[in-house]
Amino acid sequence: MTLPDGVERHDFDGETGLATRGEPVYGEATDGAWRRWDPDRSKLGAMLALGMETGLTGGETVLYLGAAAGTTVSHVADFAGPTYAVEFAPRPVRDLLDAAAPRPNLFPLLKDAREPDSYAHVVEPVDVLVQDVATRGQALVANRNARFLRPDGRLLLSIKARSEDVTADPAAVFEDVLTTLEERYEIDASESLTPHHDDHLGVVARPRRDGTF
């Protein structure tokens with residue numbers, strides 16, 4: 001598995017983990033300019049730690065949906081280009097603003113990812129759409145935001161089964177979500193994020209090219 005430029009395996013007190021260069025955000029271990037990317041605190045970090053081929057190379061333009069307080073999107077901004085971070089809850093956005101302060105390429109947006117029209121005037125076409133939203137209808141959110149992806153772009157999605165249906169079997173939830181995603185995307189890979197995140201599925205997909213929109 002190839003890591004993007006700007007993400008490396010680094011030793012922190014005898015333990016090797018993924019790391020980026022940047023100001024710490026959430027109490028993560030640091031070594032000089034390097035900060036550990038904790039896969040137990042980050043779905044995208046778990047996808048990389050588990051060896052999923054994300055297609056990330058570094059320097060991409062990114063739209064991140066579900067940025068919360070900036071735990072993951074701050075790592076993304078450490079190695080990516082312009083990074084638009086959408087979060088609808090005001091409280092975590094205050095922390096997100098702190099994470100963005102030393103990162104001039106990180107742009108927090110207090111918006112609802114279910115309503116992309118509300119930020120379409122701000123977000124440029126992107127190479128990567130990263131999504132980690134804890135809401136019912138996760139596939140619909142990804143489908144609505146496919147409009148921002150360049151034709152050769154990638155969707156990196158974390159599906160949280162319990163957000164869709166807390167009583168349903170996670171495998172059945174994942175199947176339903178993937179079926180809906182296929183209205184707008186071709187699925188390249190999907191993998192459980194256990195042991196880092198129970199009942200989560202990591203997905204790598206790309207926009208459909210057959211005109212099925």
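Predicted model: local features only at pLDDT ≥ 70, side-chain atom pairs only at ≥ 80, totals over all residues.

Visitor: Let's start with D13. Is D13 buried or exposed?
Guide: D13 counts as exposed, at 82% relative accessibility. Buried means under 20% relative accessible area, exposed over 50%, and partly exposed in between, with a 1.4 Å probe and protein chains only.

Visitor: Where does D13 lie?
Guide: D13 is in the loop between β1 (7–12) and β2 (15–21). Helices (H or I, at least four residues) and strands (E, at least two) are DSSP runs, numbered from the N terminus.

Visitor: OK, the big picture. How many helices and strands?
Guide: The chain has six helices and eleven strands. Its radius of gyration is 16 Å, close to the 17 Å that the globule rule gives for 213 residues, so the chain is as compact as a globular protein of that length. That radius is taken over C-alpha atoms, and the rule is 2.2 Å times the number of residues to the power 0.38.

Visitor: How much of the chain is buried?
Guide: Of the 213 residues, 52% count as buried.

Visitor: New topic: how many aromatic pairs are there?
Guide: Three. Rings of Phe, Tyr and Trp (its six-membered ring) pair if their centres lie within 6.5 Å; planes under 30 degrees apart count as stacked, over 60 as edge-to-face and the rest as tilted. One of the pairs is Y84 with F107: centres 5.4 Å apart and planes at 35°, so it's tilted.

Visitor: Where do Y84 and F107 sit?
Guide: Y84 is in strand β6 (residues 83–87) and F107 in strand β7 (residues 106–110), 23 residues apart. Y84 is buried, at 9% relative accessible area, whereas F107 is partly exposed, at 33%.

Visitor: What about Y119 and F148?
Guide: Their ring centres are 5.7 Å apart and the planes are at 20°, so that pair is stacked. Y119 is in the loop between β7 and β8 (126–131), and F148 in the loop between α4 (138–144) and β9 (149–160). Both Y119 and F148 are buried.

Note on methods:
Residues numbered from 1 in each chain as written. Heavy atoms only, no water.
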